Amino acid sequence: MSDLFYNSTRSEGVKVSASEAILKGLCDDGGLFVPERVPALPKTPSELSQMDYRGVAYEIMKEFLTDFTEQELKACINAAYDDKFDTPEIAPLKEAGGAYYLELFHGRTVAFKDMALSILPHLMTTAARKNQIREEIVILTATSGDTGKAALSGFADVPGTRIIVFFPKDGVSPIQRQQMVTQTGDNTFVVAVNGNFDDCQTGVKKMFGDKALSLELLDKGFRFSSANSINIGRLVPQIVYYVYAYTRLLKDGKIADGDEIHVVVPTGNFGNILAAYYAKRMGLPISKLICASNENKVLYDFFQTGVYDRNREFILTSSPSMDILISSNLERMIYHIAGNDPLRTGELMKELRETGHYTITDEMRERLQDFRGFYTSEQGTREKIKQLFSDTGYIIDTHTAVAGHACDSFLSDNEQPLTTVIASTASPFKFPRSVMGAIDEKYESLEDFALIDELSRLSGLPVPAPIEEIRKAPVRHRTVCEIEGMPKVVREFLH
Ligand SMILES: *Cc1c(COP(=O)(O)O)cnc(C)c1O
């Protein structure tokens, strides 16, 4: 098997191994690592349908992480996809209302980020060993809610690592906040920032780009890395579950080998849907990739017009993990539709930084034909939750409802009615107030945990253990800082 290297989206001549790309997170030029080619599926869907989640994970990941040995990669996979997940299927498919919901929320933080963040710490410490890194790895992460907790629980007490998470003080749900501020582990540090998610993300990116700060910390034995969705160590594990979903449909006789499916993804930073795109490029029979946005509809406008414009009001919605105006992973897609041209991509990203917008060419738009953009209003989100529950008894969270609604809009556009898989990115137990409020206004007066108990009764599902645990957990993190104060907080935590 030939080695696969990673290039930069922003300059020529960058060529690193998978393990180096995982360790660095971001390229020195500020670009993202992209695979120099997309490998083909190593086995047919029929063959893969005979395997369990771990088996499929190995088959897909080994094609991208070619400098990991079989033993190393299997050890990472086994350590990640074990009984931390509350079902041996890891990512079960549930049929409801004419679509298949791919439940990606059976891990420790009951949201889809666990799918990648349970394995990233293992990939990273393995990569460090392979590259003779002696410094402690310091993970800096900006979160709009779910990444933070998933990264914290992935890295907590992993030897040789520390993790610092920044979240927007008023931009996460009470449950999300509670999950983060109760995080245990002496190597964890959680900070609320007076700003929105983009401020947190920009602040973290600035620290990564700050050479003086890096050198200062290197001197003290620390090396920055990123657990954000730009890390290819997160992107690659996400490709797995799309392949897995297809093979389950096949195994259950819902589709025939080779049948195309549509995939709908509730999108924020464009990481999850980009993974679906790579799955398609690997040869998985996916017809359309439906990018669902909430009222922060930058991506919808982009797919409609070819103009990416972040100059607009930032809206706090009931799907906070998608409240994003700069979708970092879109840069990889831009690179691909520019014909893998880093100079062109670099220029567009510079324009975005300087003016807040850019326009792609007609030729680039042509190459986005497999994508469809939709957005769902707050009201549409509520209606979808309520309608699906009253029709089927199945309860979905707000993010998934944004996608469910987009799916309905897509299919009513006279698109080919194929089997459709909707990425279900969070458990409804994570957003009980919005979910229960959508089902009936009478719930609005209840406390969060009373809502959770009511949700359990209504859905007939037990309260997930990770939610049950935070009910009484003590708060361990109380730091609040201003946007400009982020580097100071990092210095203090690392002394
Ligand atoms: C992060 C997240 C998303 C958005 O995923 P991206 O990869 O950033 O596009 C959607 N839903 C939930 C629940 C999330 O946590």
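1. A pocket here is an open set of grid points with protein on both sides within 12 Å along at least five of seven lines. In this predicted model, the second largest pocket holds about 730 Å³ of space. Its lining is made up of 32 residues, and Gly107, Val110, Pro464, Ala465 and Pro466 are the closest to its centre. Two elements give two or more residues to that lining, helix 7 (146-155) and helix 21 (465-470). Helix 21 gives the most, with 4 residues. By class, the lining of the second largest pocket divides into 15 nonpolar, 10 polar and 7 charged residues.

2. The largest pocket has about 1,200 Å³ of space. It is lined by 37 residues, with Leu26, Cys27, Lys205, Phe208 and Gly209 nearest its centre. Among the elements that give two or more residues to this lining are helix 1 (18-24), helix 10 (211-219), strand 8, helix 14 (330-337) and helix 15 (342-355). Helix 9 gives the most, with 7 residues. The lining of the largest pocket counts 17 nonpolar, 8 polar and 12 charged residues.

3. Lysine side chains deserve a separate look. Lys113 lies in helix 5 (residues 113-117) and is buried, because its relative accessibility is 11%. Beyond its neighbours within four places in sequence, Lys113 is in contact with Asp146, Thr147, Ala150 and Arg234.

4. Lys384, in helix 17 (residues 378-392), is also a buried residue, because its relative accessibility is 4%. Outside the four places in sequence on either side, Lys384 is in contact with Tyr101, Ile396, Ala401, Gly404, His405 and Asp408.

5. On salt bridges, a search of the whole structure finds 26. One of them joins the side chains of Glu135 and Arg223, at 3.1 Å from N to O. This pair links distant parts of the chain, 88 residues apart: Glu135 is in the loop between helix 6 (120-130) and strand 5 (136-142), and Arg223 is in strand 8 (residues 222-226). Glu135 is partly exposed, with a relative accessible area of 23%, and Arg223 is partly exposed at 31%.

6. Two further pairs can be listed. Glu216 forms a salt bridge with Lys220, and the closest N and O atoms are 3.9 Å apart. The cut-off for a salt bridge is 4 Å, so this pair counts. Glu216 is partly exposed, with a relative accessible area of 28%, and Lys220 is partly exposed at 43%. Arg367 and Glu363 meet in a salt bridge at 3.3 Å, N to O. Arg367 is partly exposed, with a relative accessible area of 40%, whereas Glu363 counts as exposed at 52%.

7. Salt bridges also link Lys43, Glu59, Lys62 and Glu63 in a network.

8. The structure holds 0 disulfides. A disulfide needs the two sulfur atoms within 2.5 Å. Both cysteines are buried: Cys200 has 0% relative accessibility, and Cys481 has a relative accessible area of 7%.

Terms used. Residues numbered from 1 in each chain as written. Predicted model: local features only at pLDDT ≥ 70, side-chain atom pairs only at ≥ 80, totals over all residues. Heavy atoms only, no water. Buried < 20%, exposed > 50% of the residue type's maximum accessible area, 1.4 Å probe, protein only. Contact = heavy atoms within 4.5 Å. 1 Å grid on protein atoms, 1.4 Å probe; cavity = no way out; pocket = protein on both sides within 12 Å on 5 of 7 lines; lining within 4 Å. Points joined across faces, edges and corners; volume = space filled by probe spheres on them. Nonpolar A, V, L, I, M, F, W, Y, C, P; charged D, E, K, R; others polar.
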